[in-house]
Amino acid sequence: MQPDSITFLVQPGGTLRGTARVPGDKSISHRAIMLGAVAEGTTRITGFLEAEDCLATMNAFRAMGVTIARPEPGHLLVQGVGLHGLRAAAEPLYLGNSGTSMRLLAGLLAGQPFDSVLTGDASLSRRPMQRITEPLRRMGARLDTSPTGTAPLRIHGGAQLQGIRYALPVASAQVKSCLLLAGLYATSATCLREPAPTRDHTERMLAAFACPLRRDDGWICLEPGAKPIAGAIDVPGDLSSAAFFLVGAAIAEDAELTLEHVGINPTRSGVLEILQRMGADLEILNPGEAGGEPVADIRIRSSRLHGIDIPEALVPLAIDEFPALLVAAACAEGETRLSGAAELRVKESDRIDAMAEGLKALGIDARPTADGMVVRGGRPQGGTVASRGDHRIAMALSMAALRADGPVIVTDCANVNTSFPNFAVLARSLGLPISTVSGERP
Ligand code: S3P
């Protein structure tokens, strides 16, 4: 049985040394299942992230009649049913904490002949869904939300979708991907323009499944009639999971860490540029390619970090890494200013508030703003901090202990299993003095 509550207890004085692989990329794992399910033929996925979020996507497709075998850990064989082979699930599809599952599935299911209901946990049920329901309705989809525009999503089948020419109001890869997946069922072209570049895994994977996109003067277009054809996807290590270790090694003393085979897609790699601008001793080694995505080994050593003004253009390229980056800022010399990051308020938690509160509890001067934070670096003290059930807040604050002068206790960490189930084991093996205390909720 999974424990209801997990607390991380991290002693000060540790470091991070050695060579490791982080688990597979979450965004790419979701997309490999989704496209594999509606492709013609069998898709072989290696390096699949077996964490709760991606398993929620896998279970949703199994519930819709897709056979997915798991010959060994991280290795899936998805027997595609083609664009028109999904069947109605008997129950609502429960997607746990996973925003990517809900938003991307909504697009894929909007064009089906059957009805679907998508539900999630308390956090997912608070997150904004109008950003997808509004353009999906313009494509002809029929779907309902709660009165506040949140899940559960009720999608009415049998709608004939048309293409759309749509400039996204927010820089969101989930919205872009939702509409591209809906576009597979549209009778005319789906053309999208982003306010700033966001992760392009869907575009790359559509191309790998024989559905290339057309780029035209800042617009990306999916033509009608595209049919995904099964392929083999080797999922690289998740840079978002690597980020905790990169920051941990940069702030620790006597650290030297090599993370192998990590995805360094330029639409995701803002964290590397931000750390380098802060003075991190970071090297990219052995660049190559896996599954249509750039990969490399990343070596990082103890670094003397200094505060910076984070360029707003880098924000969408590092959107999931700010919990970790704010810990780096807390240990850097001088002030770091983050702005243009209001999206952080609608992630698994309000990450601006959660990080400001966590850093303040560790004695750091962290001032939240409407769209970011100003952090004056210093030496964290020990203390108890709340992760608010947000996996990335939990892992980021744990790393602060590498620089703290007392133990750091992080509460409510069970959701680390949504993206990185062996985080504590891997971190301990590299030198972070972390232990976990499990309990059942009272
Ligand atoms: C994701 C896109 C991002 C990111 C999320 C994963 C994806 O969300 O924060 O963790 O896989 O497309 P937004 O599109 O809401 O920025």
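A salt bridge is here a side-chain nitrogen of Lys or Arg within 4 Å of a carboxyl oxygen of Asp or Glu. The legends below refer to a predicted model.

**Figure 1. The interface between domain 1 and domain 2, with 3 salt bridges counted between them.** The domain assignment gives domain 1 as 2-24 + 236-441 and domain 2 as 26-234. Their C-alpha centres are separated by 28 Å. At the interface, 31 residues of domain 1 are in contact with 24 residues of domain 2. The two domains bury about 2300 Å² between them, and carbon and sulfur atoms account for 45% of this area. On the side of domain 1, the residues losing the most area to domain 2 are Arg268, Glu348 and Thr418, which together contribute 23% of what that side buries.

**Figure 2. The salt bridge of glutamate 343 with arginine 131.** The two side chains meet with an N to O distance of 2.9 Å. Side chains of opposite charge can pair when their charged atoms come close.

**Figure 3. The salt bridge of glutamate 203 with lysine 176.** In this pair the N to O distance is 2.8 Å. Glutamate 203 belongs to helix H6 and lysine 176 to helix H5 (residues 173-183), so the pair ties together parts that are 27 residues apart in sequence. A search of the whole structure finds 34 salt bridges.

**Figure 4. The packing of helix H7 (residues 239-251) with helix H9 (residues 322-330).** The helix axes come within 9 Å and cross at roughly 5 degrees. Because angles under 35 degrees count as roughly parallel, H7 and H9 are therefore described as roughly parallel to each other. H7 contributes Ala243, Phe244, Val247 and Ile251 to the contact, while H9 contributes Ala324, Leu325, Val327 and Ala328. By class, the contact residues comprise 8 nonpolar, no polar and no charged.

**Figure 5. The cis peptide bond from alanine 151 to proline 152.** The omega angle of this bond is near 0 degrees. Proline 152 is located in the loop between strand S8 (142-144) and strand S9 (153-156).

**Figure 6. The backbone at alanine 210, a residue with positive phi.** Although alanine 210 is not a glycine, its phi is about 65 degrees. Alanine 210 is placed in the loop that runs between helix H6 (201-208) and strand S12 (214-216). Most residues other than glycine have a negative phi, and most peptide bonds are trans.

Key: Residues are numbered from 1 along each chain as its sequence is written. This is a predicted model: local features need pLDDT of at least 70, side-chain atom pairs count only at pLDDT 80 or more; totals for chains, interfaces and linings use all residues. Side-chain values use heavy atoms; hydrogens and water are left out. Axes are lines fitted to C-alpha atoms, for helices over the stretch in contact, and angles run from 0 to 180 degrees between N-to-C directions. Helices (H or I, at least four residues) and strands (E, at least two) are DSSP runs, numbered from the N terminus. Angles under 35 degrees count as roughly parallel, over 145 as roughly antiparallel, 65 to 115 as roughly perpendicular and the rest as oblique. Contact means heavy atoms within 4.5 Å. Ala, Val, Leu, Ile, Met, Phe, Trp, Tyr, Cys and Pro count as nonpolar, Asp, Glu, Lys and Arg as charged, and the others, Gly among them, as polar. Domain bounds come from an automatic or database domain assignment. Buried area is the accessible area (1.4 Å probe) that two parts lose on being put together, summed over both.
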